[in-house]
Amino acid sequence: KMKNLIIVILLTFISVNALAQINVVSMNKPLGFLNPALQNYEMEKGVISVSGLINPFVQDENSMNYLAVAEFKLNDDFRLGVNGTKVENRLSSYSAYKFYASYRLEMDAGNYLIIGGDVGTYSDLVKTNEFNKVLSPNKFVLQDSIASGIDLGLGIAYSYSGFTLGMGFSKLNKPEVIDFPRGIWEEDSNGNFNLQDTTVVSTEVSGKYGLQSNINILYEWEANENLKLSHSLQFGNPDFGGVDYVGFQNIAEINQRHSLGLGVFHNGNTGFIASAGLGITENIKIEATAFFIEEFNWDSSLEEYVTEGYKPMLEFNARFEF
């Protein structure tokens, strides 16, 4: 029936959210986790950034997610970095740990081409409780499944006078993955599609993991000696069928210490971003960011998702430059 089809489409949007959650972080930090070519070329020797993300106002609260990044300057043009991340929601739990590097080439005065690469391990758990609620009737209870492997990535960026355009790719080696469960639909004599059963994917699917990509457009400029403005536009997994994530964030840095930010994003549903940062010194900074996301929960009596309104997901970040 059309209602059930709409419900499954909504579940697919939630699935897209699950895949795109690593994007839902403030852009006021080192961005090598998105693209290894987007490393910080203004630092003196290195930078360490640690973020914790919590979602305490939703019905299905998960444990704290995190993103940790450390980058080091070897010389004016060569950078090394490591990062670790954990992203969990009602549909999946993903973690990854990577080593990456970038090198910039000066083409003309002030024009740079930056090339980066990364390699690491990942673990991807599909949590099927939500699918058991929605994809019914099913003849069995779906079990959690997990895939893990090596992830190879590549990044490229162009930088000139505060403007940066970067493209980053991961899963280039097409590692194995556990796919999301899917419904089996049959068309009746009236042309209606009815859910008959649910597939179970309990084994790894070789080469099924599609190429993951990010496009980042960044611009920084100084309004005056006490105020620097930065604008960040990001596209997650763009292709001819659309885009998984679009985010736009504006950040004002005051006296090289404090910051205020506003933004908007769309990852299946539209959300809003507000951030504030405090510089303890010019090299030690803390920041809090709220991502206002519309919360949907499954109503078993109505057999549909019901919105609970916008709820803030919170990110707390600490950065140390040395």
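## Overview

Helices (H or I, at least four residues) and strands (E, at least two) are DSSP runs, numbered from the N terminus. By that rule, the protein chain holds two helices and 16 strands.

This is a predicted model: local features need pLDDT of at least 70, side-chain atom pairs count only at pLDDT 80 or more, and totals for chains, interfaces and linings use all residues. Residues are numbered from 1 along each chain as its sequence is written, and side-chain values use heavy atoms, with hydrogens and water left out.

## Burial and contacts

Of the 322 residues in the protein chain, 46% are buried (under 20% relative accessible area, with a 1.4 Å probe, protein chains only). The accessible surface of the chain is about 15800 Å², by the Shrake-Rupley method with a 1.4 Å probe. Carbon and sulfur atoms account for 59% of that surface.

Take contacts (heavy atoms within 4.5 Å) between residues at least 6 apart in sequence. Of these, 57% join residues at least 24 apart.

## Strand 16 and its partners

Two strands pair if DSSP finds at least two bridges between them. Strand 16 (residues 304–321) runs antiparallel to strand 1 (residues 46–54), with eight bridges. Here Leu53 stands opposite Glu315.

Strand 15 (residues 284–299) also runs antiparallel to strand 16, through 15 bridges. Ala288 has Phe316 as its bridge partner. Four residues lie between the strands of this hairpin, and Glu303 takes a positive phi near 55°.

## A buried loop residue

Asn267 sits in the loop between strand 13 (258–266) and strand 14 (270–279). Asn267 is buried, at 2% relative accessible area. Phe235 is 32 residues away in sequence, and its C-alpha is 10.0 Å from that of Asn267.

How values were computed
Buried means under 20% relative accessible area, exposed over 50%, partly exposed in between (1.4 Å probe, protein chains only).
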